[in-house]
Amino acid sequence: MDKPPTVGDKQKKLLQKQRDEHQKREAEEKEKLRKFRDQVEDKINKFIQDPEKQKYKFAPMAKVHRTIIHDVADIAGLTAFSFGEEEVDRYVMIFKKEFAPSDDELAAYRKGEEWDPEKAKAAARERELAAAALAEQAKQSNQESVPQSDYHEKYEKLLGRESGKDAAKITTPNKQFGFVPSQNKRDVRTIEQALADIRAKKKQKTDGPSSEKSEQD
């Protein structure tokens with residue numbers, strides 16, 4: 001006769017059953033995601049092959065599904081963006097590379113607005129006109145701040161066209177120094193004459209006192 005199962009055996013069987021159910025749910029979830037990926041790949045392939053379509057918008061979905069769309073789009077060479085509020089209406093929109101959205105288009109989608117190319121062109125034109133008007137206004141303001149006449153033109157009769165040059169004086173070296181002309185101060189004697197004059201002056205100084213003394217004696 002078999003022994004009745006113990007508490008430990010019951011606990012083990014319960015844990016094993018829970019693990020089996022968890023693995024089963026994981027396998028089912030993986031299979032669902034695989035099928036979803038196949039569907040996304042099929043939609044993206046049709047989108048690429050259709051020359052009339054430039055973008056494609058998927059329905060709002062959970063983050064795990066949006067991640068698959070981004071992955072498939074990246075592999076296919078497309079551009080993908082997510083818009084909307086998380087867990088409310090967030091969705092994915094894919095674009096062909098040659099029709100990548102502009103900043104204005106992305107801004108419209110982020111605001112929850114529909115993109116209207118004609119309306120966008122009109123808005124861009126209005127911005128260009130506003131910028132041109134501001135530039136013209138700044139140009140006129142700069143012109144008003146510039147004086148109507150130039151300083152030299154206004155006072156040309158008083159200063160002359162080149163006032164600094166006209167007022168300058170040409171200076172000449174002074175040929176006189178003191179009361180004697182400078183050319184008269186130059187020594188024109190030869191070296192021999194100068195030495196002879198020096199010796200004569202020395203002789204006069206030497207002979208002068210002795211001759212005076214002899215006269216007094």
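**Figure 1. Thr79 in strand E2.** Thr79 sits in strand E2, residues 79-83. Strands here are DSSP runs of E with at least two residues, helices are runs of H or I with at least four, and both are numbered from the N terminus. The model is predicted: local features need pLDDT of at least 70, side-chain atom pairs count only at pLDDT 80 or more, and totals for chains, interfaces and linings use all residues. Residues are numbered from 1 along each chain as its sequence is written, and side-chain values use heavy atoms, with hydrogens and water left out. Thr79 counts as buried because its relative accessible area is 16%. Buried means under 20% relative accessible area, exposed means over 50%, and partly exposed lies in between (1.4 Å probe, protein chains only). Beyond its neighbours within four places in sequence, Thr79 contacts Met93, Ile94, Phe95 and Lys97. Contact means heavy atoms within 4.5 Å.

**Figure 2. The protein in overview.** The secondary structure comprises 8 helices and 5 strands. From the N terminus on, the order is α-β-α-β-β-α-α-α-α-α-β-β-α. The protein has 217 residues, and 13% of them count as buried. Take the contacts between residues at least 6 apart in sequence: 48% join residues at least 24 apart.

**Figure 3. The largest nonpolar core.** In soluble globular proteins, nonpolar side chains tend to be buried together. A nonpolar core is a set of buried Ala, Val, Leu, Ile, Met, Phe, Trp, Tyr and Cys residues joined through side-chain atoms within 4.5 Å. The largest such core has 13 residues. Phe36, Val40, Ile44, Phe58, Ile69, Leu78 and Ile94 touch the most other members. Helix H1 (7-49), helix H2 (63-75) and strand E3 (91-95) each give two or more residues to this core. Leu78 touches Ile44, Phe47, Ile48, Ala73, Ile94, Phe95, Lys96 and Lys97, residues up to four places away in sequence not counted. A second, separate core holds 6 residues, including Phe83, Phe95, Leu106 and Tyr109.

**Figure 4. Ala76 in the loop between H2 and E2.** Ala76 is found in the loop that runs between H2 and E2. Its relative accessibility is 33%, so Ala76 counts as partly exposed. Outside the four places on either side in sequence, Ala76 is in contact with Ile44 and Ile48. Ala76 and Ile48 are 28 residues apart in sequence, yet 8.7 Å apart in space, C-alpha to C-alpha.

**Figure 5. Glu87 in the loop between E2 and E3.** The loop between E2 and E3 holds Glu87. Most residues other than glycine have a negative phi. Phi of Glu87 is positive, near 65 degrees. Glu87 is exposed, because its relative accessible area is 79%.

Figure 6. Rolling a probe the size of a water molecule over the atoms shows where empty space is left. On a 1 Å grid over the protein atoms alone, a pocket is an open set of points with protein on both sides within 12 Å along at least five of seven lines, whereas a cavity is a set of points where a 1.4 Å probe fits but cannot get out; lining residues have an atom within 4 Å of a point. Grid points are joined across faces, edges and corners, and a volume is the space filled by probe spheres set on the points. The largest pocket has a volume of about 280 Å³. Its lining includes Asp104, Lys111, Trp115, Asp116 and Arg127. Helix H3 (103-110) and helix H4 (117-145) each give two or more residues to the lining. H4 gives the largest share, 4 residues. By class, the lining has 5 nonpolar, no polar and 7 charged residues. Ala, Val, Leu, Ile, Met, Phe, Trp, Tyr, Cys and Pro count as nonpolar, Asp, Glu, Lys and Arg as charged, and the others, Gly among them, as polar.

**Figure 7. Asp116, a lining residue of the largest pocket.** Asp116 lies in the loop between H3 and H4. Asp116 counts as partly exposed because its relative accessibility is 37%. The Asp116 side chain reaches the backbone nitrogen of Glu118 at 3.2 Å. Asp116 and Glu105 are 11 residues apart in sequence and 8.4 Å apart in space, C-alpha to C-alpha.

**Figure 8. The second largest pocket.** This pocket holds about 190 Å³ of space. Its lining has 13 residues; Lys57, Tyr91, Tyr109, Gly112 and Glu113 lie nearest the centre. Strand E1 (55-57), E3 and H3 each give two or more residues to the lining. The lining residues divide into 4 nonpolar, 2 polar and 7 charged.

Definitions and conventions: A polar contact is a pair of N or O atoms within 3.5 Å; within protein, one must be able to donate a hydrogen and the other to accept it, and residues adjacent in sequence count only if both atoms are side-chain atoms.
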